[in-house]
Amino acid sequence: MNIIKRLSFSKIFQNQWLNLLFVYHCLFILLAYFLRIHRGYSDAHLYWARSFDITKYSWLSFADYGTTFMLFLNYPFIKMGLPFWFGFLLYGLVGFWSIILYIKWIHLVLGKQLLIRGINILPIFYFLPNLHYWTAGLGKEPLIFFGLVSVFYAMASRAYITFSSLMGGILLLILRPHVAMMLLSALVLVFVFNEEYSLKRRVAVASVALSFFLTLLYMVFQITHIRHWNWERILYFNAYSIESFRHSGSYVPMLEYSLPYQLFSFYFRPLFFDANSLFQHLASVENVFVFAIHLLGILFALRDYKKIHYPQWVKMVFLFTLICGLLYVQRYANLGIFMRTKMMFQPFTLIALLFIIKQGKPFKNT
């Protein structure tokens, strides 16, 4: 615990919260590890070369974008003979660090407290189970969340070029270029329609962003094997992706749903009518809470629309969330995948909704 107390972020809230959060996150690291061991083969086994003989490959063999890059990152640790559990500890600590940065971002955009009858409700959002679970395991998620929160923190603080934001952006680009593409789209659209900047500047930024967007789109097409722009081919691969989940344990017939219900399913399910296991029941509890925050945020946005202010970071978060929903419902049809994917945007969306609720209700905050 003394190491944790020396973290530079330890002053953002009381040490007892930090210590409790660390212990809480460690429990999720243990849970993630033992579940992967119990369930057999998983992506984590691939990332730590448990499913093939890595001695047949050199380090540079894995210098590529996408999933292969995970092996590039892990290669030195694997060659040193470090055990499987070490990978979970390593990535789990990266996930913990990312959550501390996330809390720092919350304090930057929302303040350190939101009091209801003298009780600060913000710590509830520090302990979101879905976020901790997916940032506690050996996988892309801890790195992706670090990338996202680094970029959002840079945007909110207007400190655009920092080591954290550059490293986070690079990780997003290499590991999941489609996420980088969606985030770039949200950022650029908000900037382009911001009349505070000159038309010349907006056009220049949009032109540069377009070249980055096309590069990312090319990378996405190579990873998904679509290869090139062809609408029929895109639709075929999307439908194939949906059908590939049909025999999974928590398949959702997304092709049979209307678009609004597809989005609802992606954003808020599993719910109790879906639940067939303890974990799905626990996920349902969190999703009911998330849905309630969304309803409350929409209520205040409609009731107090004349006085609600939407800063740039709120617009970015909402647009990123919408873009993610519209694209992922075309390819995913599994409740577990929904939960894993939502951790990339849902924690930010909840804080943006709290920002709206805060304006509609006179919270006492410091």
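A residue is termed buried under 20% relative accessible area, exposed over 50%, and partly exposed in between, with a 1.4 Å probe and protein chains only. The structure is a predicted model, in which local features need pLDDT of at least 70 and side-chain atom pairs count only at pLDDT 80 or more, while totals for chains, interfaces and linings use all residues. Residues are numbered from 1 along each chain as its sequence is written, and side-chain values use heavy atoms, with hydrogens and water left out.

R303 and D304 are joined by a salt bridge, with an N to O distance of 2.9 Å; the term denotes a side-chain nitrogen of Lys or Arg within 4 Å of a carboxyl oxygen of Asp or Glu. Side chains of opposite charge can pair when their charged atoms come close. The structure holds five salt bridges. Another of them links R246 with E243, whose closest N and O atoms are 2.7 Å apart. Here R246 is partly exposed at 36% relative accessible area, and E243 is likewise partly exposed at 34%.

A further salt bridge connects the side chains of R340 and E141 at 3.5 Å, N to O. R340 belongs to helix 16 (residues 335–342) and E141 to helix 8, so the pair ties together parts that are 199 residues apart in sequence. Helices are DSSP runs of H or I with at least four residues, numbered from the N terminus. R340 is partly exposed at 21% relative accessibility, while E141 is buried at 7%. Together with R176, these two residues are linked in a network of salt bridges.

After helix 8 comes R158, which has a positive phi near 60°.

Within helix 8 (residues 141–157) lies I144, which is buried with a relative accessible area of 0%. Leaving aside neighbours within four places in sequence, I144 is in contact (heavy atoms within 4.5 Å) with L172, L175, R176 and M344. Its C-alpha atom is separated by 6.9 Å from that of L171, 27 residues apart along the chain.

The largest nonpolar core has 115 residues, of which W105, F320 and I351 touch the most other members. Helix 5 (residues 84–110) contributes the largest share of this core, 13 residues. Such a core is a set of buried Ala, Val, Leu, Ile, Met, Phe, Trp, Tyr and Cys residues joined through side-chain atoms within 4.5 Å. Beyond four places in sequence, the contacts of I351 include Y102, W105, I106 and W313.

H45, in helix 3 (residues 43–47), is buried with a relative accessible area of 14%. Its contacts beyond four places in sequence are R36, G40, R50, S51 and F84. By contrast, L27 in helix 2 (residues 15–39) is exposed at 53%.

Conventions
Helices (H or I, at least four residues) and strands (E, at least two) are DSSP runs, numbered from the N terminus.
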